Amino acid sequence: MTIDVVTIFPRMFFPVLDESIIKRAKAKGLVKINVHDLRKFSQGKHKKVDAPAYGSGGMVFRPEPFFTAVEEILGEPVRSRPKSQALRRVILFSPQGRRLDQKSVKKFLKYEQLILLAPRYEGVDERVHKYLADEEISIGDYVLSGGELAAMVFIDCLTRLIPGVVSDSESVKNESFENNLLDFPHYTRPENFRGLKVPEVLLSGNHKKIKEWRLKQAVEITKKKRPDLLK
Ligand code: ADE
């Protein structure tokens with residue numbers, strides 16, 4: 001999978017993309033991530049990417065730099081591109097978008113290329129929303145100062161689901177939100193920490209019982225912390 005990010009702050013991405021699981025996934029060739037500076041696609045001497053809103057209001061991101069960026073990345077004009085090309089998706093990050101959750105993240109695994117547009121929150125010309133983006137994503141009902149962190153959240157939760165990125169021992173199969181359940185409790189050494197003991201069943205070596213206990217705990221924890229998931 002190739003992920004292209006378009007942003008005015010490319011440097012914000014490097015610390016996140018060059019560590020841990022994402023770094024490993026890139027090194028293994030399982031994902032290729034290109035970060036593009038939006039200003040490079042802006043015409044004019046001053047490389048301006050925004051302008052005052054028509055009517056009234058503050059500054060708004062202009063459409064051309066985003067359209068040009070996507071065209072250069074794809075190597076073809078946007079107009080000739082059927083809006084939803086089967087294996088490519090242009091995603092705009094905005095608080096108006098569809099709220100991201102584990103189920104919707106998985107749907108993006110089928111694409112060969114994702115182009116992520118991460119504007120600042122000040123606002124983007126409506127033509128980018130309507131005619132360039134295939135979809136809009138929000139990472140939650142709050143306002144960030146820009147789409148950069150949202151794009152990084154998206155890249156992180158998607159990359160770890162790409163087959164081969166996370167090893168079997170760290171499996172992504174038994175974790176929170178699978179089967180609409182939160183994760184079960186985990187314990188490690190020591191057995192007795194300041195008088196706080198590890199549940200007996202986990203020391204029993206009885207795998208069937210351990211499995212049953214974990215499921216029961218996951219259901220109880222979900223009931224208590226996120227009853228909405230069980231509805
Ligand atoms: N840009 C500003 N706020 C955002 C949010 N909650 N999700 C995605 N992009 C955003």
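I'll start with Asn 179, which sits in the loop between α6 and β8. Before going further, note that this is a predicted model. Asn 179 has a positive phi of about 55°, although Asn 179 is not a glycine. Most residues other than glycine have a negative phi, and most peptide bonds are trans. With a relative accessible area of 69%, Asn 179 is exposed.

The peptide bond that runs from Arg 189 to Pro 190 is cis, and its omega is near 0°.

There is a further positive phi to mention, at Ser 20. Phi of Ser 20 is near 55°, again a positive value in a residue other than glycine. Ser 20 belongs to helix α2, which covers residues 20-27. Is Ser 20 buried or exposed? Its relative accessibility is 53%, and the cut-off for exposed is over 50%, so Ser 20 counts as exposed.

Next, helix α3, residues 63-74. How far apart are the end C-alpha atoms of this helix? They are 17 Å apart. The helix has 12 residues, and at 1.5 Å a residue it should span 16 Å, so the two values agree. The buried residues of α3 are Pro 63, Pro 65, Phe 66, Thr 68, Ala 69, Val 70, Ile 73 and Leu 74. As a general point, an α-helix has 3.6 residues a turn, so residues three or four places apart point the same way. If you look at what surrounds the helix, the buried residues of α3 pack against β1 (2-7), β2 (32-37), β4 (59-61), β5 (88-99), β6 and α5 (126-132). Just after α3 comes Gly 75, with a positive phi of about 70°.

Now the aromatic residues. A search of the whole structure gives 4 aromatic pairs. I'll take one of them, Phe 108 with Phe 154. A pair of aromatic rings is described by the distance of the centres and the angle of the planes. Here the ring centres are 5.1 Å apart and the planes stand at 85°; the cut-off for edge-to-face is over 60 degrees, so this pair is edge-to-face.

Where do the two residues sit in the chain? Phe 108 is in the loop between α4 (102-107) and β6 (113-117), and Phe 154 is in helix α6, residues 148-159. They are 46 residues apart, and the pair links distant parts of the chain. Phe 108 is buried, at a relative accessible area of 4%. Phe 154 is buried as well, at 0% relative accessibility. Both belong to one aromatic cluster, formed by Phe 93, Phe 108, Tyr 111 and Phe 154.

Phe 108 also leads us to the cavity. The structure holds 1 cavity of 30 Å³ or more, and the space in the largest cavity is about 30 Å³. Which residues line the largest cavity? They are Arg 98, Arg 99, Leu 100, Ser 104, Phe 108, Glu 135 and Ile 137. The elements that give two or more residues to this lining are β5 and β7 (135-138). By type, the lining divides into 3 nonpolar, 1 polar and 3 charged residues.

Ile 137, one of the lining residues, is found in strand β7. Its relative accessibility is 4%, so Ile 137 counts as buried. Leaving out residues up to four places away in sequence, Ile 137 touches Ile 91, Leu 92, Phe 93, Ser 94, Gly 97, Arg 98, Leu 100, Phe 108 and Phe 154. That list includes Phe 93, Phe 108 and Phe 154, which are members of the aromatic cluster. As for Glu 72, its C-alpha atom is separated from that of Ile 137 by 23 Å, and the two residues are 65 apart along the chain.

The largest pocket has a volume of about 410 Å³. There are 15 residues lining it, and the closest to its centre are Asp 101, Gln 102, Lys 103, Phe 177 and Leu 229. Which element gives the most to this lining? That is α4, with 4 residues. The lining divides into 4 nonpolar, 3 polar and 8 charged residues.

Lys 103 lies in helix α4, and at 60% relative accessibility Lys 103 counts as exposed. Lys 103 and Phe 177 are 74 residues apart along the chain, and their C-alpha atoms are separated by 8.3 Å.

Key
Residues numbered from 1 in each chain as written. Predicted model: local features only at pLDDT ≥ 70, side-chain atom pairs only at ≥ 80, totals over all residues. Heavy atoms only, no water. Phe/Tyr/Trp six-rings, centres within 6.5 Å; stacked < 30°, edge-to-face > 60°. Buried < 20%, exposed > 50% of the residue type's maximum accessible area, 1.4 Å probe, protein only. Expected span 1.5 Å × (residues − 1). Contact = heavy atoms within 4.5 Å. 1 Å grid on protein atoms, 1.4 Å probe; cavity = no way out; pocket = protein on both sides within 12 Å on 5 of 7 lines; lining within 4 Å. Points joined across faces, edges and corners; volume = space filled by probe spheres on them. Nonpolar A, V, L, I, M, F, W, Y, C, P; charged D, E, K, R; others polar.
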